[in-house]
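Biologist: I would like to go through this model with you, beginning with the contact between the chains. Could you bring it up, please?

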Amino acid sequence: MLIAGDTLYAGFSDPVFDSQRSFRAVLEATSHPGRIIDVGTPIGAPPPLHPATAAICLALVDFETPVWIQAATDANTHAIENATEHAAESLSQFLRFHCSSPLAADPALAAFAVIHAPAHMPPLTAFSAGLSDYPDRSTTLLIQVDGLSTGRRVQLSGPGIKHTQQLAPSGIPERFWTEWRDNGALFPRGVDVLLICGSDIAALPRTTRVEMTCT
Amino acid sequence: MNSPDHAAQVVGVHADDSAPAGAAGTTSVQRKGMAVTAQGYNFAYLDEQTKRMIRRAILKAVAIPGYQVPFGSREMPLPYGWGTGGIQVTAAIIGPDDILKVIDQGSDDTTNAVNIRRFFAATTGVATTERTTDASIIQTRHRIPETPLAEGQVLVYQVPIPEPLRWLEPSETETRRMHALEEYGLMHVKLYEDIAHYGHIATTYDYPVRVNGRYLMRPSPIPKFDNPKMDMNPALQLFGAGREKRIYAVPPYTQVESLDFEDHPFEIQTWDECCEFCGSKDSFLDEIVTDDAGGRMFVCSDSDYCGQRRAGQAHGGDAAAAQQSQQSPNVPGVPGVSDTPAAQPAETASS
């Protein structure tokens, strides 16, 4: 249902190669946690979606993957409802049209979660951490942040990182890092996170350990 | 020849050949100036929905190092056991800018490698190479190249049996539970029984490893000689098992430890001989029987590594090694190692 005055944004102009390029960016980011990777696929994204979020959704989401969209279906975020209600609607319209993806009402049932207001996001435990027999059945969170190098610096280590890796995401609540440590303790269960700003992404797979730095 | 039908039509076509007029149907490919000769196929053969499904599995595999992610393996234009798992992984990641190398037991020239290289040349038009250092994606059956891999490269393994506990516990439900509970004592018992029978661990290929201190993983039937190369490798390592429908991964810079005991530490194979062609004493050697009278010689399993060394020697590079090569005795009847890949049982046919 198209809201009057709304625009349905176009998908990839070249679905095969744009999908491949976007996926390789996510694969490179996941292989090197904390490294900032430019997805670099030109695409118009319905606000509040960042171009990289839109590209990743088009590349990875389809009818097999229920998507949870923040605010559209979350009763706990009434405070920010007015600003995001309309945004969430155009976003879900975009995903349903281009990806044919079902929308998950419960974040625990989602394969992907799109979060555009991380300050108001539910705790990481609200999402699916998978089963101990099938830890791959967990939610991948696409979290849009204000910046990847302008916030509080954290030091990352773990698989994919030779020594240590610095990352400074801004616009992410402090509680996220506590929840991230608890998420790591669940291994091999746990959620995986992609931090997104503009066309840049940085991955936090569940194996990545985070230390807060004092600078 | 077991080459897929349409790939067989493009024998000898390389990506650097000029684009044939027949590629008109694949406009987006043609725009990039590449020669795609297989008509009526999507880029890299698989449809986009299949690629998305495989890509999601790959991402979860990288996020959970060593864990086998189930995926909906498709029928490919060649039988299970000929590298369908590796092909599907490669097809899901490959892009127009990639440079592909395919090896089978270390060699670029063997049937499986040639077929798969031609398959991707025909269905993607990407450039192919035999140089390890030039490749962005290396699909391999049963070897890791001798030349150290670099960051940004992807090594795709063809895996016949992904489950390390399979011959010890036939039930998938049980082995899955054992992984969940990190219950790997059975594998240590198996290795211990080797020691009890033979005095040493007799497992020489597909030697079990622990990835990042957690999951027990089968490295595909690479010789245990290659196991140390997996540890903290800067390249991304992806494993595809087509028949068994599993994908798993080792991210770059990830600890990969071969199982052993304090009093029986892990050791790799060594040879008294050196390569007949290039004189290498450090690479994995294949033993080749040359006649009916017990004559045999040892040559590098990695054809690119051997070729590069010989090219260097021809330019007066490593004269000492060349001389050593000439002096290399062709001793009959004394195999330096009893477990060359030729001795592998039929179960190791790659998938």
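Biologist: Which residue of chain A forms a salt bridge with Asp98(B), and how far apart are the closest N and O atoms?
Modeller: The partner is Arg24(A), and the closest N and O atoms are 2.8 Å apart. Please keep in mind that this is a predicted model.

Biologist: How many salt bridges are found across the interface of chain B and chain A?
Modeller: The rule finds 7 salt bridges there. It also finds 20 residue pairs in polar contact across this interface, with both residues at pLDDT 80 or more.

Biologist: Which element gives the most to the side of chain B that touches chain A?
Modeller: That is α3(B), with 12 residues. By class, this side of chain B has 24 nonpolar, 13 charged and 6 polar residues.

Biologist: And what is the area buried between the two chains?
Modeller: About 3500 Å² is buried between chain B and chain A, and carbon and sulfur atoms give 61% of that area. In terms of residues, 43 of chain B are in contact with 43 of chain A.

Biologist: What percentage of the chain A residues count as buried?
Modeller: The figure is 58% of 215 residues. Chain A exposes about 8400 Å², with 55% supplied by carbon and sulfur atoms.

Biologist: And what share of the contacts joins residues at least 24 apart?
Modeller: In chain A, 70% do so, among contacts between residues at least 6 apart in sequence.

Key. Residues numbered from 1 in each chain as written. Chains lettered and ligands numbered in written order. Predicted model: local features only at pLDDT ≥ 70, side-chain atom pairs only at ≥ 80, totals over all residues. Heavy atoms only, no water. Buried < 20%, exposed > 50% of the residue type's maximum accessible area, 1.4 Å probe, protein only. Contact = heavy atoms within 4.5 Å. Areas by Shrake-Rupley, 256 points an atom, 1.4 Å probe, with all protein chains shown as cover. Buried area = accessible area lost by both parts, 1.4 Å probe. Salt bridge = Lys/Arg side-chain N within 4 Å of Asp/Glu carboxyl O. Polar contact = N/O pair within 3.5 Å; in protein donor to acceptor, adjacent residues only side chain to side chain. Helix = DSSP H or I, 4+ residues; strand = E, 2+ residues; numbered from the N terminus. Nonpolar A, V, L, I, M, F, W, Y, C, P; charged D, E, K, R; others polar.
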